[in-house]
Amino acid sequence: MSAGTVTTLPPNQPEHENLVEERLVAWFFVAALVYMAVSFLGGLLMALQLVRWNPLQGSEWLSPGRWRMIHTNAIAYGFLANAFLGALHWAVPRLTLRPVLSRALSYFIFVAWQVVVLSTAAGILMGQAQGIEWGETPVWIDPLALAGLLLVAINFMAPIIKAEGPLYVTLWYFMAAFVWTFLTYAMGNFLPEYFVPGTSGGAIAGLFIHDLVGLFVTPLGWGLMYYFVPILLQKPIWSHGLSLVGFWGLAFFYPLNGIHHFLYTPIPMFLQYGAVIATIAVELVVTTVIINFFGTIWGSGKAVVNNLPIRWFYTGMVLYFITCFQCALQVTLTFQALIHFTDWVVGHAHLVMFGVFTMWLMGIMTYLFPRLLRRPWYSYTLCEWHYWLSTAGIVSMFIDLTLAGVFQGYAWASLQPWDVSVELSEPFWIFRIFAGLTIIAGQLCFAWNLLMTWLGKTSDEPATSAATNAWGTA
Amino acid sequence: MMNSETNVTPTETVSASRRRSWITAALAVAILVPSLFGFGSKFLEFVALVRGDVDGAFAVTPVVNYLLASLGFLCLFAWAVLHGMFHDIERPKWTMLENEQRLDRHAPWPKLDALRKTR
């Protein structure tokens with residue numbers, strides 16, 4: 001490892017080492033990648049099950065229904081939550097120029113969150129899941145998870161509240177996410193279970209699953225983009241005012257969206273219509289965010305080629321716009337009549353979770369790991385393979401599942417027997433396995449590259465590829 | 001302070017700044033007004049249903065959830081306005097970038113150029 005020029009900081013100016021607990025950032029990222037591997041294994045097993053090639057046949061603990069829940073929970077609470085926590089431990093102290101409330105508390109949160117995630121996995125495998133999508137966390141873990149979320153909020157809010165002057169938009173998003181995630185988790189895991197049964201409980205469950213995306217993942221994701229994109233491009237966001245329009249629009253329009261998951265149900269139609277309108281309003285708000293980011297990169301377009309993290313970020317943004325545009329259409333009753341319960345929805349969900357937020361987090365990790373480990377990537381070629389296999393895999397999976405959904409929808413609409421829709425789906429399901437394997441191959445490239453980098457190995461390839469610029473120059 | 005290659009400085013031209021402000025305001029109005037109108041009219045329908053139908057109360061739970069969340073943010077918004085969070089609205093983006101550049105100049109990791117030479 002070579003040392004760069006490090007000069008002395010003026011008095012009263014905090015230094016990076018005093019702000020960021022780098023070891024913890026790396027631990028969170030590694031934990032996230034481990035859970036991602038578990039989640040992908042679960043997804044692969046489910047994909048194999050759909051083509052009737054289940055390698056774990058006969059095991060109740062490892063039955064497909066439970067693996068599916070492991071797949072979704074591991075990506076939400078294992079991968080996304082850990083990766084976000086790692087990125088937050090980097091971004092919040094540097095943005096506020098203050099460390100988190102307590103580093104000891106941060107380490108406690110790290111351990112406690114792994115206990116929560118592992119307990120959730122164990123509970124699901126043992127058949128203790130709750131009947132709420134993404135809220136399957138066994139009831140005895142819910143209070144612990146909620147306490148953990150409260151500690152996270154306290155630990156990060158302390159420096160944010162002390163920050164001087166008008167807040168940067170990232171901190172608005174983060175503050176909202178800390179409050180929303182706590183409320184959303186409480187709403188989805190306690191109200192339908194103990195207080196609001198029946199159809200109202202169903203409406204709450206719809207709010208929960210969508211709010212988990214929109215009020216936990218989305219504000220953290222966009223908050224991090226508003227932080228990392230200007231740093232990597234070395235120019236500020238195009239319009240800070242417009243970014244605040246996007247934030248407040250999300251704050252007021254998003255919370256009612258979730259009922260669009262339950263169109264054509266006994267939930268009163270005005271609520272369903274309200275959710276449709278609120279959703280379309282959010283898509284308009286999203287447009288302002290997209291305009292802002294493309295306004296920012298205007299004049300620096302080469303960065304998409306030359307700077308790998310930027311490429312991850314902007315690919316995720318394009319896919320985000322596609323998924324939001326899709327969302328504005330598919331929440332209409334006409335569209336829902338065709339695609340409800342089909343693989344269209346599965347394709348949409350994968351595009352959001354992997355094509356957007358995982359891509360952003362991969363870009364962040366590509367940028368931060370060399371800094372955390374104090375050495376460049378072992379192989380820039382592997383960084384490129386990671387990006388291209390991931391992108392090719394998710395785009396082909398999305399197209400495949402979207403088409404499958406249309407075929408399934410028309411088969412059902414024309415009152416064909418169920419078997420017909422299954423038979424016509426099989427080519428799409430087989431293709432989906434290969435698309436998934438492509439994504440997994442990309443992540444294996446990343447894992448190998450990370451291991452070699454961590455071990456301090458060097459390769460002979462020239463440092464000329466775009467990944468070199470993961471160090472931050474556009 | 002900013003990167004000279006990007007040709008963006010805190011002293012950008014007044015006309016560019018004014019144009020950006022106009023575009024931001026136009027987008028804000030074009031998006032928020034119709035959205036608020038649509039949402040508000042649906043909300044009024046909801047109030048009418050709750051008052052007029054014995055089963056209308058059934059729908060209160062999800063809406064109360066929404067109102068509780070939104071009320072908090074309305075308070076936060078009012079607090080932000082009263083504490084000048086939107087005065088000089090573009091300043092935070094410059095401050096953030098300047099802080100980042102200052103932190104990176106004194107960061108413990110080696111610089112890119114130094115790394116390139118070692119490979």
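Helix H3 (residues 64–96) and helix H5 (residues 142–162) of chain A cross at roughly 20°, and their axes come within 9 Å. An angle under 35 degrees counts as roughly parallel, so H3(A) and H5(A) are roughly parallel to each other. This is a predicted model. For the complex, the predictor gives an ipTM of 0.86 and a pTM of 0.87.

**Helix packing in chain A**

- H3(A) passes H5(A) in a left-handed crossing.
- On the H3(A) side, the contact is made by A:Leu88, A:Val92, A:Pro93 and A:Thr96. H5(A) contributes A:Phe156, A:Pro159, A:Ile160 and A:Lys162.
- Helix H8 (residues 240–253) and helix H9 (residues 269–297) of chain A also pack together, with their axes 9 Å apart and an angle of about 160°.
- That angle makes H8(A) roughly antiparallel to H9(A), because the cut-off for this class is over 145 degrees.
- From H8(A), the residues in the contact are A:Leu242, A:Ser243, A:Val245, A:Gly246, A:Gly249, A:Leu250 and A:Phe253.
- From H9(A), they are A:Ala278, A:Ala281, A:Val282, A:Val285, A:Thr288, A:Val289 and A:Asn292.
- The crossing of H8(A) and H9(A) is left-handed.

**Helix H13 of chain A**

- H13 of chain A covers residues 343–373. Of its 31 residues, 27 are buried, so H13(A) is largely enclosed by the rest of the structure.
- The helix has a kink of about 35°, centred on A:Thr358.
- Just after H13(A), A:Arg374 takes a positive phi of about 60°.

**A:Trp344**

- A:Trp344 is found in H13 of chain A.
- A:Trp344 counts as buried because it has 23 C-beta neighbours inside 10 Å, and the cut-off is 20 or more.
- Leaving aside residues up to four places away in sequence, A:Trp344 touches A:Ile339, A:Leu401, A:Thr402, A:Gly405 and A:Val406.
- A:Gly409 is 65 residues from A:Trp344 along the chain, yet their C-alpha atoms are separated by 8.9 Å.

- B:Ile89 sits in the loop between helix H2 (60–82) and helix H3 (91–105) of chain B.
- With 17 other C-beta atoms within 10 Å, B:Ile89 is partly exposed. The count falls between the limits of 12 or fewer for exposed and 20 or more for buried.
- Not counting residues up to four places away in sequence, B:Ile89 touches A:His240, A:Gly241 and A:Leu244. H8 of chain A spans residues 240–253.
- B:Pro34 is 55 residues from B:Ile89 in sequence, and their C-alpha atoms are 24 Å apart in space.

**Confidence in chain B**

- Chain B has a mean pLDDT of 73, and 69% of its residues reach 70 or more.
- Within chain B, confidence is highest in H3(B), at 91. Confidence is lowest in helix H4 (residues 112–118), at a mean of 44.
- Residues 1–8 of chain B have pLDDT below 50; beyond near neighbours in sequence, this stretch has 13 contacts in the model.
- Residues 113–119 of chain B are also below 50 in pLDDT, and this stretch has eight contacts beyond near neighbours in sequence.

Definitions and conventions:
Residues numbered from 1 in each chain as written. Chains lettered and ligands numbered in written order. Predicted model: local features only at pLDDT ≥ 70, side-chain atom pairs only at ≥ 80, totals over all residues. Helix = DSSP H or I, 4+ residues; strand = E, 2+ residues; numbered from the N terminus. Contact = placed C-beta atoms within 7 Å. pLDDT = per-residue confidence, 0-100. Bend = angle between axes of the 7 residues up to and from the residue. Axes fitted to C-alpha atoms, helices over the stretch in contact; angles between N-to-C directions. Parallel < 35°, antiparallel > 145°, perpendicular 65-115°, else oblique. Left-handed = near helix turned anticlockwise from the far one by under 90°.
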